[in-house]
Amino acid sequence: MRGTVPAVGRIRPRQPPGGGIWPDSTRPITILLHALPGREILSTEGLDEKPPKGPPEAKPERKLHPLAYGIERMGLVSLRFPYAVAAVLIVAAILAGFGIARIKVDDSLSQLFRSNTPEFKQYEDVTERFPSSEFDVLVVVEGPTLLQRDSLEKLRDLVTDLQLIDGTRGIISLFSARQPPEGNHLPAPLFPENLPTGPAYNALIQKVMNNEIIRGKLLSVDGHLALIVLALNPDVVESNKLSGVIGEIRSTMAEDMKGSGLSVELSGVPVMQLEIRNAVERDRVLYNALGFFGGCLIAILFFRRISFMIIAAAPPLLAILLALGTLGWLDFRLNTFLNVMTPLIMVISFSDSMQLTFATRDRILAGDSKSDALRAAIHVVGPACVLTHATAGLSFIALTFSDSYLIRSFGEAGFISTVIALVSVLTVIPLLGLFLLRREAAFVSRIRGADVAVDALRRFCGWIAHRMVSRPALYSLLSLVVVVGLGTIYAHLQPRYHLADQVPNHEKAVQANRELDKELTGAQPIDVLIEFPKGQSLYSPETLATIAEVHAAVEAQAGVGNVWSLETLRRWLAEKLGKSDVATLKQYVNLLPKYLVRRFISANQDAVVVEGRIPDVDSSQLLPIIHSLNQKLDQVRTEHPGYEIAVTGLAVIAARNSARMIEKLNHGLTFEIIFVAAFIGAAFRSIAVMLAAIMPAIFPVFVAGAMLWLLGQGLQFASVVALTVSFGLGLSATIHFLNRLRLEDKPDQDPAIAVERATILMGPPLILTSVVLACGLAMTVFSQLPSLQLFGWLSSFAMLTALVADLFILRPTIMLLLRWRRGRQWS
């Protein structure tokens, strides 16, 4: 038949070169195929018959080069030695379980930004020489009755009890303040042991409110908020002891402040780390389970048999188990990046698992035995599976060249997980197929003619393919215009990092931080390190002048407040005693608690720190403050050559390195797409394939970026990883389609026929994979972690746009490129 009349029929597949495996050779696919002008609709007769034995009657076709060089044949081992492979996998799973038990969580916020940069090395040096604020728990006490006598008694009891908790190493509060000394006597505490009453108490409160040491630093100006800084031992913060210590702090607060009418909340980096850790562990289990359950429901609706659903879903689960277990044995630690390794493995392996399962199911419906169907699926779909994992592995290898420790470890873990995922998919599917598939004939008789869902998807794919290949030049031009426009918007996205976005949004630590931002200018420390040149001591005139000028510059910087340093004590002595000589200053430094002194003066007295506080704001708002402060300090550096003056601290490192890391990940993703497209072109030995793979790969990245821009959001760690996930899925869809197109194409026929047939055969599993994964990841929008919410909705959105790109951009583009090469061999 020729013409443009739609015809319903079964496509007769061609026989592969030299006989051998017949890709879906006898599968009676019912489709609605629209004949293009001048194209012949293939006959529908004889499809229920087995392919004839012996050499094909048609002329020999071109020989296709091996796409994966036989690596996919590892799946045949499971067919030949199923029980041996099953035993090996069981042992591996048991060992992986022990490996998972070894995994430790590294939720240190400083490790998140660890790199080989001089700034981070300097920050590490500061944390070693001075007690780091990264280990400070901030106790925020608030209420209008804070300075009443009963409230102060309870508050002092709380400060005393907090110091007795195991795992603490020092405390600073308004009770640390001292009165001006009288004569040669030691300065007495500002708060006497027995609080006075009546007018004497009022006079004490007035003295407290006007004390320069604590006013605006440890006590708000209106006297309604007090800050207690409780330092923990570093080994407590970095271990699983943190939960117990924070729990004891909370119980002590509740007991000591009961009946005071004051609100007491915890904040600080250790508290936020614990909240993040608990939320990640809770959400990872809950929402991965919900997403997987939803995906299984969708899969079983299409497969119409539980065994096929298990075959498709088990390999990704085993890949996750083996990969995490291996990472545990190799002493990888879970952090913000490695926490998303689970969905990454799921995306990479589930797509290939669905393709192999669909191919096996089609061959069984065509009348093949389960062994023949599994063997055919491995030969036909297996090479594409190898190529998808190879490209993902190369992408991870590229990350290992980063100067960021976090990105390097992410790349190493990703490469290891990709290799494990490939082995899991190729070995587990044929193994489960042999063990689980039963009564194939009954299944075929029940499904034949009633495979409504899959047939509907095939008709939909055929309808799309026909329209995309009918005017490939027009659709390719429109695609190019859209991609360029979206890319322009994407280029304007700026890196964003906000500590509050990493903390569960229902927790009160963020609210406590906001109160500190409002009343005490901020909760996040910013440090200026001053290192002395040789020949200069702590109490030399030039050193004291340098400290004073740096202190003044930090105080004058907009956005920075609550400034502390040795200069704070010198000013207090000058005002209260009228003395600013070195001997008096040295005397009072020696009288202060050693822990307090070490926060500002190094042990060997060769460096000091000037510390300020800043609000918890986005890194894009913090970087201008840091830049402005550095400019002010340039004058001090000029006037005091030899003194090394540097702005550092966790907030500074987070602002600088988060922007740098996000930009590198973003640029790396862009170059990665181009590199992977070139790799695919080399694997297929076709420039046309390389060019055709670029636009479908970058479209979901650009459209998701445009969505972020429309919502007024920038690029965060979660959004960059979500884009990487969507790129992986889009890449998998592209490779599986191109692999099928390679098998279906004939040099002497219109490439539109091959494009349509490949779309009809590969479209349903691609659509089903995208929907299942999008539904699974969308479950995370109900998480309490803002970053996980962002990752969930953005990755789901990007996955669906990757499917759109595959259907509406790849088809006309490859069609146009193939027609330009008319008369030449496609592969």
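**Figure 1. Asp 618 and its contacts.** Setting aside residues up to four places away in sequence, Asp 618 touches Arg 496, Tyr 497 and His 498, where contact means heavy atoms within 4.5 Å. Asp 618 sits in the loop between β11 and α22 (619–639); helices (H or I, at least four residues) and strands (E, at least two) are DSSP runs, numbered from the N terminus. Asp 618 is buried yet has no salt bridge. Buried means under 20% relative accessible area, exposed over 50%, and partly exposed in between (1.4 Å probe, protein chains only). A salt bridge is a side-chain nitrogen of Lys or Arg within 4 Å of a carboxyl oxygen of Asp or Glu. The nearest side chain of opposite charge, Arg 496, is 4.1 Å away; Lys and Arg count as positive and Asp and Glu as negative, while His and the chain ends are not counted. This is a predicted model, in which local features need pLDDT of at least 70, side-chain atom pairs count only at pLDDT 80 or more, and totals for chains, interfaces and linings use all residues. Residues are numbered from 1 along each chain as its sequence is written, and side-chain values use heavy atoms, with hydrogens and water left out.

**Figure 2. Thr 546 in helix α18.** Here we look at Thr 546, which belongs to helix α18 (residues 541–556). Thr 546 is buried, because its relative accessibility is 0%. Its contacts, not counting residues up to four places away in sequence, are Ile 530, Val 636, His 640, Tyr 643 and Ile 645.

**Figure 3. Strand β5 and its partner β6.** Four of the five residues of strand β5 (residues 168–172) are buried, so the strand is largely enclosed by the rest of the structure. Strand β6 (residues 225–232) pairs with β5 in the antiparallel sense over four bridges; two strands pair if DSSP finds at least two bridges between them. Look for Thr 168, which stands opposite Leu 232 in β6.

**Figure 4. A nonpolar surface patch.** Ile 90, Val 91, Ile 94, Leu 95, Phe 98 and Trp 329 make a nonpolar surface patch of about 630 Å². Patches are made of residues with over 30% relative accessible area and no salt bridge: like charges are joined within 9 Å, nonpolar side chains (Val, Leu, Ile, Met, Phe, Trp, Tyr) within 5 Å. Accessible areas come from the Shrake-Rupley method with a 1.4 Å probe; for residues, only the protein chains shown count as cover. Helix α2 (residues 82–102) gives the largest share of the patch, five residues. Val 91, found in helix α2, counts as partly exposed because its relative accessibility is 47%.

**Figure 5. Two loop residues with positive phi.** Most residues other than glycine have a negative phi. Gln 605, however, has a phi near 55° and lies in the loop between α21 (594–598) and β11 (607–614). Gln 605 is partly exposed, with a relative accessible area of 36%. Arg 685 also has a positive phi, near 55°, and is found in the loop between α23 (650–684) and α24 (687–710). Arg 685 is partly exposed, with a relative accessible area of 48%.

**Figure 6. Gly 485 and Val 703.** Gly 485 and Val 703 are 218 residues apart in sequence, and in space they are 9.6 Å apart, C-alpha to C-alpha. Gly 485 is part of helix α16 (residues 472–490) and, at 34% relative accessibility, counts as partly exposed.
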